[in-house]
Amino acid sequence: MDLSSSFKVLVVASGAVVCYAMWCYTKKKKHPVTLNKSEKIQMTLIEKQNVSHDTRLFKFSLPSPNHILGLPVGSFVNISTTLDNKLVVRPYTPISSDDEPGHMDLMIKVYENGKMSSYLDSLKVGDKIMVRGPSGKIHYLGKGIFQVEKSKTENYKNIFKVHWNDSWGLWYNSYVAVDKRSSKT
């Protein structure tokens, strides 16, 4: 075999390897989704870290190591418990993503008089919480299109994720859209 034939074989073989790698990458295994709007899901605390004197990182297990949370962009979860015979429900946005199957992470500032944050701070590894979601009024439809309250659809060219906190130290994720294209009603 001469040099040009060897080169052609090498090119074809390399192309086949690249195509196979791309096929494997795009054939990612679908993970089962944990969240279901119509039912509460029980999650177990598997790790708790002190981030600062008043902030904790909570890691809760999902039903299996293969499960993802399934929280869409712009949505949040509600955590509920009963304290003093009264239902207490608070919204939280996890800091983990669906790229990390098997767990949901929450970064929470603990307030001395905060009902839910104090309750969560009292949890020990192995304790359980009830979670429902996804919740929220903003739905990201893809390609810069958001829907608010299932009414008006907005279309944007550029979207930026912004992390910010309020005067009480609660962290929020916001999606700021600029360069409006058009809107549909």
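Arginine 56 is buried, with a relative accessible area of 10%. In this predicted model, Arg56 forms a salt bridge with aspartate 121, and the closest N and O atoms are 2.8 Å apart. Arginine 56 sits in strand β2 and aspartate 121 in helix α2, so the pair ties together parts 65 residues apart in sequence. Shared partners join Lys48, Arg56 and Asp121 into one salt-bridge network.

**Salt bridges**

The structure holds three salt bridges. Side chains of opposite charge can pair when their charged atoms come close.

| Pair | N to O distance | Separation in sequence |
|---|---|---|
| Arg56 and Asp121 | 2.8 Å | 65 residues |
| Asp54 and Lys109 | 3.3 Å | 55 residues |

Aspartate 54 lies in the loop between β1 and β2, while lysine 109 lies in strand β5. Aspartate 54 counts as buried because its relative accessible area is 16%, under the 20% cut-off. Lysine 109 is partly exposed, at 26%.

**Nonpolar core and surface**

In soluble globular proteins, nonpolar side chains tend to be buried together. Here the largest nonpolar core has 22 residues. Met43, Phe60, Met104, Leu120, Ile129 and Val131 touch the most other members. Elements giving two or more residues to this core are β1 (41-52), β2 (55-61), β3 (76-83), β4, β5, α2 (115-122) and β6 (128-135).

Which residues does isoleucine 129 contact, leaving aside neighbours within four places in sequence? They are Ile41, Gln42, Met43, Phe60, Ile79, Met104, Tyr119, Leu120 and Leu123.

A nonpolar patch lies on the surface: Val51, Ile95 and Met107 together have about 250 Å² of accessible area. Isoleucine 95 is in the loop between β4 (86-92) and β5 (103-109). Its relative accessible area is 47%, so isoleucine 95 is partly exposed.

**Backbone geometry**

Most residues other than glycine have a negative phi, and most peptide bonds are trans. Aspartate 84 has a positive phi, near 55°. Asparagine 85 also has a positive phi, near 60°. Aspartate 84 is in the loop between β3 and β4, and asparagine 85 lies in the loop between β3 and β4 too. Aspartate 84 is exposed, at 74% relative accessibility. Asparagine 85 is exposed as well, at 79%.

A cis peptide bond joins glycine 133 and proline 134, with omega about 0°. Proline 134 is in strand β6.

Definitions and conventions:
Residues are numbered from 1 along each chain as its sequence is written. This is a predicted model: local features need pLDDT of at least 70, side-chain atom pairs count only at pLDDT 80 or more; totals for chains, interfaces and linings use all residues. Side-chain values use heavy atoms; hydrogens and water are left out. Patches are made of residues with over 30% relative accessible area and no salt bridge: like charges are joined within 9 Å, nonpolar side chains (Val, Leu, Ile, Met, Phe, Trp, Tyr) within 5 Å. Accessible areas come from the Shrake-Rupley method with a 1.4 Å probe; for residues, only the protein chains shown count as cover. A salt bridge is a side-chain nitrogen of Lys or Arg within 4 Å of a carboxyl oxygen of Asp or Glu. Helices (H or I, at least four residues) and strands (E, at least two) are DSSP runs, numbered from the N terminus. Buried means under 20% relative accessible area, exposed over 50%, partly exposed in between (1.4 Å probe, protein chains only). A nonpolar core is a set of buried Ala, Val, Leu, Ile, Met, Phe, Trp, Tyr and Cys residues joined through side-chain atoms within 4.5 Å. Contact means heavy atoms within 4.5 Å.
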